[in-house]
Amino acid sequence: EVYLENEESRASSELMGRINSELNKLAIYLSDKGVEVIEGSSTPKQMEYLASRVQGLKRVVEVGFNAGLSALTMLESNPDLRLISFDLGEWPCAHIAAAYLKDKYGDRFSIIFGDSKLTLLSAFVGETDLAFIDGGHDFFSALSDLTNLAPHAKLVAMDDMEARDQCGACEADRALCGSWNRSAPALGRR
């Protein structure tokens with residue numbers, strides 16, 4: 001049993017090493033293009049969670065692509081995964097990183113630019129294994145993303161949330177927690 005835990009730990013370390021290498025390549029690519037990542041990023045803990053969470057999944061929908069760090073992490077972690085990302089596309093890094101990921105992962109990756117309050121309604125998403133919501137951090141954007149995706153997802157993950165009764169200190173976190181707390185019971189989620 002200890003041997004298996006060590007093997008699992010080693011496999012996880014190798015995967016995270018490969019992901020970090022790919023993230024560095026993306027960072028260099030963006031830098032070479034003169035693009036600055038304006039906002040947001042994933043922490044190493046979030047990356048590890050995503051890498052482990054997408055194992056065995058076939059389809060993930062992500063709201064909030066930004067510079068593609070989460071998208072790259074998920075795609076690199078599971079060679080069978082197909083990812084559909086939605087992003088406002090307001091920052092140059094999003095378009096350049098999306099082209100990079102499209103070139104690297106081909107048909108496994110697609111992105112739709114625009115306000116997710118509109119694009120999620122107009123794009124048929126269908127059933128998905130995981131909905132990863134990290135888009136607009138105001139109450140109505142988070143609520144819209146959640147209510148549009150949760151009925152189609154086996155699992156929903158929202159970024160920047162604390163435990164249900166321990167919402168974070170900033171307004172964005174409180175808005176996300178509020179949208180989750182109001183809609184989760186109606187959607188059959190905890």
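Figure 1. Helices (H or I, at least four residues) and strands (E, at least two) are DSSP runs, numbered from the N terminus. The model is predicted: local features need pLDDT of at least 70 and side-chain atom pairs count only at pLDDT 80 or more, while totals for chains, interfaces and linings use all residues. Residues are numbered from 1 along each chain as its sequence is written, and side-chain values use heavy atoms, with hydrogens and water left out.

**Figure 2. The buried residues of α4 line one face of the helix.** C93, A94, A97, A98, Y100, L101 and Y105 are the buried residues of α4. Buried means under 20% relative accessible area, exposed over 50%, and partly exposed in between (1.4 Å probe, protein chains only). Seen down the axis of α4, these residues fall within an arc of 165°, so they line one face. The arc is that of the directions from the helix axis to the C-beta atoms. Just after α4, G106 takes a positive phi of about 60°.

**Figure 3. Helix α3 packs with helix α4.** The axes of α3 (residues 69-77) and α4 (residues 92-105) are 11 Å apart and meet at an angle of about 10°, which makes α3 roughly parallel to α4. Axes are lines fitted to C-alpha atoms, for helices over the stretch in contact, and angles run from 0 to 180 degrees between N-to-C directions. Angles under 35 degrees count as roughly parallel, over 145 as roughly antiparallel, 65 to 115 as roughly perpendicular and the rest as oblique. A71, L72, L75 and E76 of α3 make the contact with Y100, L101, K104 and Y105 of α4; contact means heavy atoms within 4.5 Å.

**Figure 4. Helix α3 is largely enclosed by the rest of the structure.** Eight of the nine residues of α3 are buried, so the helix is largely enclosed. The buried residues are S70, A71, L72, T73, M74, L75, E76 and S77.

Figure 5. In α2 (residues 44-53), M47, L50 and A51 are buried.
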